[in-house]
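Please open the model in a viewer and keep the sequence beside it. The tour goes from one selection to the next and says what is found at each stop.

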Amino acid sequence: MKCSECNKESTQLQPYPLCDWHWAVKFSYQTVNGKKLPFREALESVTRRGNGSSEESQARSAAREYL
């Protein structure tokens, strides 16, 4: 079955077929610094933090491109 948003293979069937990424964007929440945030906002918050190492910088760049 295909994701109803992007036609990738769906891995989540409830409430309707979605790939992992689209399910997380729509329904997943994470707690960051005691605040409940939607997955996408939490990911952006985490990628903005860090000590600036090149490895972290590359990870942040890759995450921003994926968003």
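**Aromatic pairs**

Begin by selecting Phe39, which is buried, with a relative accessible area of 19%. The model is a predicted one, and the stops below should be read with that in mind.

How many aromatic pairs does a search of the whole structure find? The search finds two. Trp21 and Phe39 form an edge-to-face pair, with 5.4 Å from centre to centre and 80° between the planes. This pair links distant parts of the chain: Trp21 belongs to helix H1 and Phe39 to helix H2 (residues 39-48), 18 residues apart.

Next, select Trp23 and Phe27. These two form an aromatic pair that is tilted, 5.9 Å centre to centre and with 45° between the planes. Trp23 and Phe27 are four residues apart in helix H1, so about one helical turn separates them. Trp23 is partly exposed, with a relative accessible area of 29%, and Phe27 is partly exposed as well, at 34%.

**A charge over a ring**

Move to Tyr29 and show its side chain together with that of Lys36. Where does the charged end of Lys36 sit? The charged end is over the ring of Tyr29, 4.8 Å from the ring centre.

**Backbone stops**

Phi of Asn33 is near 55°, a positive value in a residue other than glycine. Is Asn33 buried or exposed? Asn33 is exposed, with a relative accessible area of 69%.

Go on to Asn7, in the segment before H1. Asn7 is not a glycine, yet its phi is positive, near 70°. Asn7 is exposed, and its relative accessible area is 58%.

What kind of peptide bond joins Gln14 and Pro15? The bond is cis, with omega at about 5°. Pro15 lies in the segment before helix H1 (20-27).

Key: Residues numbered from 1 in each chain as written. Heavy atoms only, no water. Helix = DSSP H or I, 4+ residues; strand = E, 2+ residues; numbered from the N terminus. Buried < 20%, exposed > 50% of the residue type's maximum accessible area, 1.4 Å probe, protein only. Phe/Tyr/Trp six-rings, centres within 6.5 Å; stacked < 30°, edge-to-face > 60°. Lys NZ or Arg CZ within 6 Å of the ring centre and 35° of its normal.
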